Amino acid sequence: MNKYLAIYGKPRYLGLVEYDGDIKKGAALIVESVRGEELAVAVGEINAEQEAAYRLLRNASEHGDGMAKNSEPVVTDLTFMAFAAKEDTETAEGYREEENRILKEAKELLKPHNLEMKLIDVEFLRAKRKLFFYFSSEQRVDFRAYVRDLAREFKTRIELRQVGVRDEAKIIRGVGPCGQPCCCSYWLNQFAPICIKMVKEQNLALNPAKISGICGRLMCCMCYEHEAYHEAWEGFPNPGSKIKTPNGNVIIAGIDLPSKSLRCFIAGKGEVKVPRDKFEEFKETVSSGGEWVVPEEEIAEPVLKIQDFFPKCMQCGSHHEKAAAEPKREENAAKRRPDGGEANPEQKPRGNKKKKKRRVKHEPQTIRDEHEDPREDVVQKVKHAAEARPPKEDKAAQDGGERPKRHFQRRRRPGAKKGSDNAAPAKSEV
């Protein structure tokens with residue numbers, strides 16, 4: 001008999017199903033549990049070791065989460081009845097829509113009773129044989145009168161189940177501070193005990209808004225990396241402990257896993273990283289009043305190559321382009337040949353011919369003797385240019401030796417203020 005793991009119910013209970021044949025992952029099954037007949041989803045086949053590990057999972061009530069003692073165990077045995085047909089799944093989807101309406105009506109019925117309880121969700125079993133109400137409360141609640149009103153209203157068997165705040169988040173589902181769906185809502189099977197010591201060992205800020213989940217308790221992910229930090233702290237004082245020195249107390253702030261060093265706060269110097277193997281030496285030096293010298297880390301300069309940054313196709317791009325264009329050039333050259341495409345070995349290819357730069361002819365070139373100095377040509381050119389320039393005519397000679405007057409008006413000087421002693425007498429114009 002093969003054993004398969006299955007999930008059933010809105011709180012995502014786990015069950016073990018025995019079946020002779022093969023059950024595909026995600027197949028819908030009709031099973032019988034301690035609650036009655038209901039639909040379940042097959043997760044996959046498990047071996048004997050995995051079965052033993054699942055049966056060792058403890059209930060959340062053992063961790064003091066506030067769940068009722070009569071709550072469902074984590075793993076139960078299920079009896080396989082049949083594979084669910086398409087009609088069964090469609091009927092179950094219709095139940096989900098009806099459950100939303102029932103939840104609203106149940107909350108209205110709860111108001112006259114003034115009970116300190118919070119309704120979370122409603123669930124129908126197969127064929128509406130039983131109706132489950134999940135609620136949360138900080139204390140025991142006497143809801144017998146409320147159950148009678150529910151039975152009178154919905155005409156079926158009613159059962160109320162008290163769950164903890166963590167199971168409330170598991171049923172309702174939501175998004176955590178990391179932006180991902182809550183772990184308990186889609187893959188986490190068991191709530192592990194989490195304490196504030198785990199947070200301190202991981203160098204996390206003791207801010208309730210940052211370390212608490214949507215349920216109001218410490219986030220479940222606090223225990224994922226706790227083992228690595230717990231092993232790193234072995235043989236060292238607890239975080240926050242102090243070392244007495246003549247210059248003041250040295251506080252051990254935390255541990256840095258990537259560099260494998262302790263972070264210590266020294267008064268006047270700030271935070272210093274001490275390697276784990278040198279912590280005893282650091283403690284002796286500081287306790288005796290000496291100064292701890294931070295060892296300099298030797299950083300090896302990496303050898304960088306162009307192949308590390310650019311792929312080969314980018315490095316040889318021009319070569320590939322030339323190779324791809326070469327056959328096209330040969331085809332075009334063969335079409336232009338009159339001899340039926342036969343190449344003439346004496347004729348040079350037209351594609352590889354370089355264009356010569358045309359020389360601008362300013363003056364006729366003269367044959368110069370090898371022993372002639374090139375500087376004499378420059379002097380001769382300057383002389384010819386000076387002779388070819390038209391002579392400047394003397395304007396003064398043309399006007400009879402007198403310089404022409406300016407046609408623009410001269411700028412007047414600002415006159416002195418009236419009534420001042422330093423005012424100069426005005427010149428009379430002749």
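**Close-up views of a predicted model**

K130 is buried, with a relative accessible area of 12%. The structure to which this residue belongs is a predicted model, and the legends below describe selected parts of that model.

**Figure 1. K130 and its salt bridge with E159.** K130 is placed in the loop between β6 and β7. The side chain of K130 meets that of E159 in a salt bridge, with a distance of 3.4 Å from N to O. This pair links distant parts of the chain, since E159 belongs to strand β8 (residues 158–162) and K130 to the loop between β6 and β7 (131–136), 29 residues apart. E159 has a relative accessibility of 21% and therefore counts as partly exposed, whereas K130, at 12%, counts as buried. A further view of K130 takes in E37: the two residues are 93 apart along the chain, and their C-alpha atoms are separated by 9.8 Å.

**Figure 2. The salt bridge between E51 and R55 in helix α1.** E51 and R55 form a salt bridge in which the closest N and O atoms are 3.3 Å apart. Because the two residues are four apart in helix α1 (residues 48–55), about one helical turn separates them. E51 is buried, its relative accessible area being 15%. R55, by contrast, counts as partly exposed at 39% relative accessibility.

**Figure 3. The salt bridge between R152 and D149 in helix α3.** The closest N and O atoms of R152 and D149 are 2.9 Å apart in this salt bridge. Both residues lie in helix α3 (residues 144–154), where they are three residues apart, or about one turn of the helix. R152 counts as exposed, with 53% relative accessibility, and D149 is partly exposed, with a relative accessible area of 23%.

Figure 4. A search of the whole structure finds 22 salt bridges.

**Figure 5. The largest pocket and its lining.** The largest pocket holds about 700 Å³ of space. Its lining consists of 28 residues, and those nearest the centre of the pocket are G9, L39, A92, R96 and E123. Two or more lining residues come from each of the elements β1 (2–8), β4 (37–46), α2 (86–110), β6 (118–124) and α4 (165–172). Helix α2 gives the most to the lining, with seven residues. Sorted by class, the lining has 13 nonpolar, four polar and 11 charged residues.

Figure 6. E98 has its place in helix α2, the element that gives the most residues to the lining of the largest pocket. E98 is partly exposed, with a relative accessible area of 22%. Along the chain, E98 and E123 are 25 residues apart, and a distance of 9.6 Å separates their C-alpha atoms. E123 is one of the lining residues that lie nearest the centre of the largest pocket.

Figure 7. Most residues other than glycine have a negative phi. R12, which is not a glycine, has a positive phi of about 60°. R12 lies in the loop between β1 and β2 (13–19) and counts as buried, at 10% relative accessibility. In A127, also a residue other than glycine, phi is positive and near 65°. A127 is found in the loop between β6 and β7, the loop in which K130 is also placed. With a relative accessible area of 46%, A127 is partly exposed.

**Figure 8. A nonpolar patch on the surface.** Y186, W187 and Y224 form this patch, and together they have about 340 Å² of accessible area. Y224 is found in the loop between α6 (208–211) and α7 (226–232). Y224 is partly exposed, having a relative accessible area of 39%. Membership of a patch requires over 30% relative accessible area, and the value of 39% for Y224 meets that cut-off.

Methods. Residues numbered from 1 in each chain as written. Predicted model: local features only at pLDDT ≥ 70, side-chain atom pairs only at ≥ 80, totals over all residues. Heavy atoms only, no water. Patch = residues over 30% accessible without salt bridge, like charges linked within 9 Å, V, L, I, M, F, W, Y side chains within 5 Å. Areas by Shrake-Rupley, 256 points an atom, 1.4 Å probe, with all protein chains shown as cover. Salt bridge = Lys/Arg side-chain N within 4 Å of Asp/Glu carboxyl O. Buried < 20%, exposed > 50% of the residue type's maximum accessible area, 1.4 Å probe, protein only. 1 Å grid on protein atoms, 1.4 Å probe; cavity = no way out; pocket = protein on both sides within 12 Å on 5 of 7 lines; lining within 4 Å. Points joined across faces, edges and corners; volume = space filled by probe spheres on them. Nonpolar A, V, L, I, M, F, W, Y, C, P; charged D, E, K, R; others polar.
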